[in-house]
Amino acid sequence: MPMKTSRLRLAPLLLAATALSACEVGPNYHRPTVPTPASGAYKEIAGFSPANPSDAAERADWWTVFNDPVLTDLEQRVRTSNQSLKAAQAAYAAARALVAEQRAAFFPTLIGTGSASYSHGGSGSTGSTIITTGGGTTTGGGTTTGGGTTTGGGSTTGTGTSVSAPTSRSADYSLQLGATWEPDIWGKVRREVENAKANSQSFAADIVNTRLSMQMELAADYISLRMLDEETRLDEATVKSYQESLDVTRNKYNAGVSALSDVDAAETQLHNAKAAEIALGQQRAQMEHAIAILVGQAPADVTIAPTPWTLQPVGIPPGVPSVLLQRRPDIAASERLAAAASAEIGVAVAGYYPDISLTGEGGTEATKIASLFSPSTFFWSVGGSAVETLFNGGLTHAQVQNAKATYDEAVANYRQAVLTAFGQVEDNLAAQRVLAQEQPELKAAVVSADQDLRIVQNQYRAGTIDYTSVVVAQAQDYTARNAELQIEASRLTTTVDLIVALGGGWNDSELNGK
């Protein structure tokens with residue numbers, strides 16, 4: 001009967017705790033507004049239509065737009081072996097574990113204990129010592145001779161027997177189950193879970209951002225590597241041309257129709273060209289080493305053979321600016337950090353309210369194992385407590401103000417990330433447009449430089465001009481050809497940058513459920 005009464009008393013407390021648990025203190029999060037182009041379109045796209053538009057840039061394997069099998073293989077290896085990416089994945093796993101850790105606070109803590117104890121008393125003398133001689137009896141201290149009785153003080157003589165207390169033994173067995181629970185009445189735990197989940201989602205977005213950064217760096221390094229291969233071929237052709245010019249100059253000098261200074265000038269130009277070609281070898285080796293590190297291998301284990309230049313620029317449709325807010329992982333990470341900071345305000349506000357906890361304990365205890373589960377040996381108790389901070393020197397208020405300021409900072413960082421993303425897209429759209437318009441001019445410059453060089457070389461062979469004019473024409477021709485190669489590589493790099501600036505085929509819907 002007492003047990004039933006106690007349960008009835010406990011029921012209202014549990015119901016009240018459950019009802020109050022619907023309450024959540026602190027602000028409910030709403031995604032902050034961000035500045036977006038008033039026109040609803042990118043400024044730099046006006047009047048410019050990208051040539052050869054490809055929708056492959058909207059896929060996760062965006063590098064396939066270049067149709068280069070070596071690049072595709074390297075990019076796939078980044079996904080599986082890049083160590084920076086593995087570090088980001090480990091950080092996300094830790095964040096997910098923290099979400100589970102915070103959710104554990106929703107449930108009571110149960111503790112089970114069992115014990116067994118034994119006690120054993122030693123066999124020492126206890127009480128009065130009784131000594132008898134013949135048929136006499138002694139009470140207290142005295143002397144007895146014959147069959148008399150002595151009461152009083154004195155000495156006892158004769159023979160007798162000492163009687164000791166019996167040995168003491170006891171046992172105790174117990175099984176107990178204890179429970180404590182802090183009901184989430186003010187929503188503090190729910191806010192902590194919100195905070196942990198939003199943080200874990202920001203780490204998930206960081207994984208994508210890290211992967212995109214590593215893939216972008218690899219693509220840029222690969223383009224540079226192939227550009228160096230092409231530049232090496234250009235330098236090889238230049239060295240060959242300069243060697244032919246030196247041979248002509250020497251022949252003319254030996255024939256007495258050219259000065260020794262012409263020979264010296266031709267030799268100087270040839271040696272400079274050879275030195276430039278050798279220097280390219282160091283740059284290419286460094287680029288190959290950088291690629292090896294990106295794919296998670298030792299530089300000694302990666303060799304990329306030179307191949308002809310096959311990479312071509314691709315037009316990337318940018319879409320509308322509003323879509324960018326869902327496609328950029330760094331924007332998603334910043335927005336999730338703002339959500340986490342908002343939840344932290346609720347955690348701080350909960351400090352104004354008392355901490356309520358419920359406890360319960362029950363078990364059984366007996367001196368014999370056989371009696372351990374007898375109804376008479378069971379016991380139980382339940383209770384509750386509330387702890388309210390009455391004064392802490394304004395600590396709670398300061399913690400709330402700190403959480404609000406941290407949220408304001410996170411919102412500002414989120415808006416700055418959006419503005420930065422818009423700026424990067426605009427920059428790369430402008431670069432695509434300008435480079436596309438510039439490249440035909442450089443091609444025309446190469447045609448003119450080639451023609452001028454042929455004319456000057458013929459004039460020199462005819463003896464109508466000195467060798468200085470040849471040197472100048474050769475330098476101009478080399479500069480024009482190198483500039484054309486550089487701008488082609490720049491257009492490719494800008495394509496990569498624009499794809500990544502647009503999110504690399506990612507969408508923040510992938511964060512749902514994480």
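Helices here are DSSP runs of H or I with at least four residues, numbered from the N terminus, and their axes are lines fitted to C-alpha atoms over the stretch in contact, with angles running from 0 to 180 degrees between N-to-C directions. The model is predicted, so that local features need pLDDT of at least 70 and side-chain atom pairs count only at pLDDT 80 or more, while totals for chains, interfaces and linings use all residues. Residues are numbered from 1 along each chain as its sequence is written, and side-chain values use heavy atoms, with hydrogens and water left out.

Helix H2 (residues 69–81) and helix H3 (residues 83–103) have axes that come within 7 Å and cross at roughly 40 degrees. H2 is therefore oblique to H3, given that angles under 35 degrees count as roughly parallel, over 145 as roughly antiparallel, 65 to 115 as roughly perpendicular and the rest as oblique. Val78, Arg79, Thr80 and Ser81 of H2 make the contact with Gln83, Leu85 and Lys86 of H3, where contact means heavy atoms within 4.5 Å.

On the H4 side Ser241, Ser245, Val248, Thr249 and Lys252 take part, and they meet Gln457, Tyr460 and Arg461 in H8.

Trp62 and Trp63 are both buried, that is, under 20% relative accessible area with a 1.4 Å probe and protein chains only, where over 50% is exposed and in between is partly exposed.

Terms used
Helix = DSSP H or I, 4+ residues; strand = E, 2+ residues; numbered from the N terminus.
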